[in-house]
Amino acid sequence: MQIQYKPKRNLLQTILHVELLQGMALTLRTLFSKPITRQYPEERPDVQLGFRGQHALVRDEETGASKCVACMRCVTVCPSRCIRIRFHEDEDTSARVVDSYDIEALRCVYCGFCEEVCPVNALILTEVFEYSGFQREDIFFDQEALLDNWDKFAESKGGKIGSYVNPFWRPRGMNADKLTAAKRIDVPDEWTIEGQVVGKNFKAKGTE
Amino acid sequence: MHVLIVFIEILVLFAVVMLHVAYATYFERKIIGHMQVRLGPMQQGWHGLLQPIADGIKSFFKEDIVPAQADVLPFRAAPIICLTAMMAALAVLPFASGWVLADINIGLLFIFAMSSLASYGVILAGWATNSKYTFLGGLRSMAQVVSYEISFGLSLVGVMMLSGSLNLSKIVEAQGSSFGGMYLFPQIIAFFVFCVAMLAETNRVPFDLPEAETELVSGYCTEYSGMRYAMFFMAEYIGMMVMASIGTICFLGGWNGPFEVAFFPPFWFVFKIYIFMFVFIWIRATMPRYRYDQLMDIGWKLLIPLSLVNIVLTGIVKAFVG
């Protein structure tokens with residue numbers, strides 16, 4: 001990087017304080033420019049696709065329970081180790097049954113790895129960003145709380161929640177045929193290069 | 001009867017000035033906000049128009065804290081000295097032809113005296129609070145006032161020489177109502193010195209060392225709270241208005257303007273004061289603070305010689321031409 005030193009001034013510029021006047025001109029220009037402030041409680045931010053907010057376990061519309069199959073991938077991938085799952089195997093079918101599913105949201109760093117790695121789209125990070133509590137326990141989500149989060153979120157989206165899946169929920173740079181069935185989401189063309197999801201910004205840069 | 005009329009006039013002036021002080025804080029926050037691409041106060045009333053009133057009510061009901069180690073009498077007296085001195089300066093300002101509370105012949109001198117008295121309040125506040133921040137703030141204020149009072153006074157000597165009077169109404173009348181008659185043009189050096197000294201006298205950015213927030217918490221008024229703090233604040237804004245008035249009277253032709261405004265003779269005077277106030281705020285939004293030694297350098301090495309040169313030049317020109 002080349003450092004831009006300030007240009008030399010001649011005597012007239014020194015006397016007239018040209019730099020001070022330049023600064024004053026700048027502030028006068030910004031006085032008439034549009035402020036970037038958002039009046040938050042009245043004026044809400046647009047939540048972008050791929051926003052990572054409050055955790056939720058998707059409620060399966062058929063069974064009414066969580067979709068989780070206790071594969072433990074989210075527990076393994078979580079960098080802050082805030083997910084804890086207990087399960088047992090069913091005697092007859094030897095399918096895994098979730099006993100408890102806890103997320104200590106205060107430790108979560110909202111990296112979104114868990115929702116990327118989940119093979120059945122059971123765990124997601126919703127668009128809800130306003131949640132708080134008076135005790136730490138209020139932000140410690142067990143399975144019921146997580147399912148409840150999903151219900152509230154579904155309600156806020158007006159029930160059309162079956163289509164609430166987005167390309168950020170799948171691992172980047174993987175062909176669709178390598179993914180589990182639930183992760184094969186139709187991705188807009190502007191997000192992909194050669195069938196792989198790379199993101200809109202990356203594609204825009206790559207094609208330049 | 002005459003006393004009653006004067007009393008009513010004082011009340012009206014007080015009310016108008018207090019309203020201006022309140023809304024000067026509002027416009028300062030608004031303008032600086034927009035210059036920093038923010039919005040400024042927006043919640044109280046339409047676009048925050050009731051904010052200064054809410055601030056006033058709040059500062060009335062805040063707890064009045066006196067530090068345990070403070071010297072109580074000067075601590076309590078300091079804001080009152082500041083405010084009354086600045087208020088007293090308002091009495092001699094001619095807002096329009098004949099619109100003046102006290103038309104005294106030493107008007108300009110009276111304003112010098114009062115604005116210096118106000119800095120006694122600052123110094124007393126710094127000393128009496130018995131805290132290191134306020135002490136440093138007061139110390140700086142003292143040094144700043146000593147060095148800038150001189151150049152401030154000297155810069156106006158040229159104006160006095162040209163008009164031949166210290167009476168503020170006479171100074172305005174001496175400039176006439178024409179555009180070229182303004183003392184801004186023959187006294188351009190003095191105007192420059194005046195502008196810089198004016199910023200230093202009112203403790204405004206870039207010379208706000210007595211209350212440098214980044215170094216001294218809030219300088220001399222660190223330990224003040226509630227109404228006493230508000231009094232310092234009012235004194236500062238009235239000080240700005242008084243300085244703006246002097247600038248208007250001595251350099252910009254006072255109440256004279258391009259055309260007469262019927263029913264409201266002080267229109268041009270008020271208009272020019274608003275421009276000055278805007279420039280105060282504009283500078284605050286733009287400039288960083290000077291270092292302490294740079295402040296002293298500018299005061300002693302630049303402004304005082306410049307104003308002396310201006311006096312000599314004015315004298316020579318007046319001797320040969322006038």
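In this predicted model, the contact between the chains draws 11 residues from chain A and 10 residues from chain B. On the side of chain A that touches chain B, 5 residues are nonpolar, 6 are polar and none is charged.

**Largest nonpolar core**

- The largest nonpolar core has 83 residues, and those touching the most other members are B:C82, B:M86, B:F194, B:A197, B:A235, B:I238 and B:V242.
- Helix 9 of chain B, residues 226-251, supplies the largest share of this core, with 16 residues.
- This core lies between domain 1 (1-60) and domain 2 (62-320) of chain B, because both domains give residues to it.
- Leaving aside residues up to four places away in sequence, B:A235 touches B:C82, B:L83, B:M86 and B:A118.
- B:C82 and B:M86, which B:A235 touches, are also among the core residues that touch the most other members.

**Second core**

- A separate second core is made up of 22 residues, including A:L57, A:Y101, A:I103 and A:W150.

**Chain A**

- Chain A has 6 helices and 7 strands.
- Chain A has 208 residues, of which 16% count as buried.
- Taking the contacts in chain A between residues at least 6 apart in sequence, 65% join residues at least 24 apart.

Key. Residues numbered from 1 in each chain as written. Chains lettered and ligands numbered in written order. Predicted model: local features only at pLDDT ≥ 70, side-chain atom pairs only at ≥ 80, totals over all residues. Core = buried A, V, L, I, M, F, W, Y, C linked by C-beta atoms within 7 Å. Buried ≥ 20, exposed ≤ 12 C-beta atoms within 10 Å, placed from the backbone. Helix = DSSP H or I, 4+ residues; strand = E, 2+ residues; numbered from the N terminus. Domains from an automatic or database assignment. Contact = placed C-beta atoms within 7 Å. Nonpolar A, V, L, I, M, F, W, Y, C, P; charged D, E, K, R; others polar.
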